[in-house]
Amino acid sequence: MSLKAQLTEDMKAAMRAKESARLATIRLILAEIKRREVDEQIELDDTQTLAIVEKMIKQRKDSITQFEAGGRADLADIEKAELAILSTYMPAGLSDEEIAAEVAAAVASTGAAGPQDMGKVMGVLKPKLAGRADMTVVSGLVKKALSGG
């Protein structure tokens with residue numbers, strides 16, 4: 001079952017169970033998927049759908065930081081609840097060791113020799129690790145590996 005179909009089924013289940021917070025969050029995801037499909041006149045696959053969910057998770061994390069800094073715990077709690085629901089649609093994350101192994105393999109396979117080759121290595125890693133690892137962490141590991149650290 002595709003991720004989009006799973007979201008639709010979960011939306012129906014949330015409606016039946018009268019889970020308003022979960023329903024609202026799933027509707028946000030589906031609305032963003034629909035918007036992208038209409039704007040770009042394409043049918044999104046699971047990878048593109050995951051990218052949307054990942055972007056929404058990043059937005060929630062940023063919002064939580066801002067709300068907590070502004071002393072708005074009430075709004076931060078709403079964002080945290082949405083974040084928890086969004087996270088259920090992400091694949092299981094990789095451990096630090098697994099990420100380091102992927103980085104080492106990508107550096108070896110591209111023949112990267114220095115910081116100027118970072119784009120090549122990230123180009124190989126991004127499709128493999130998207131949604132399964134924080135790309136900022138991956139970027140830091142690649143930079144460290146290419147600088148001889």
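This passage describes the overall build of the protein and then one of its helices.

The structure is a predicted model, in which local features need pLDDT of at least 70 and side-chain atom pairs count only at pLDDT 80 or more, while totals for chains, interfaces and linings use all residues. Residues are numbered from 1 along each chain as its sequence is written, and side-chain values use heavy atoms, with hydrogens and water left out.

The protein has 7 helices and 0 strands (DSSP runs numbered from the N terminus, with helices being H or I of at least four residues and strands being E of at least two). Its C-alpha atoms fill a box of roughly 55 × 40 × 30 Å along the principal axes. Of the 149 residues, 34% count as buried, where buried means under 20% relative accessible area, exposed over 50%, and partly exposed in between (1.4 Å probe, protein chains only). Among contacts (heavy atoms within 4.5 Å) between residues at least 6 apart in sequence, 55% join residues at least 24 apart.

Buried in α7 are Met 135, Val 138, Ser 139, Val 142 and Leu 146. Seen down the axis of α7, these buried residues fall within an arc of 100°, so they line one face of the helix; the arc is that of the directions from the helix axis to the C-beta atoms. The partners against which the buried residues of α7 pack are α5 (96-110) and α6 (118-129).
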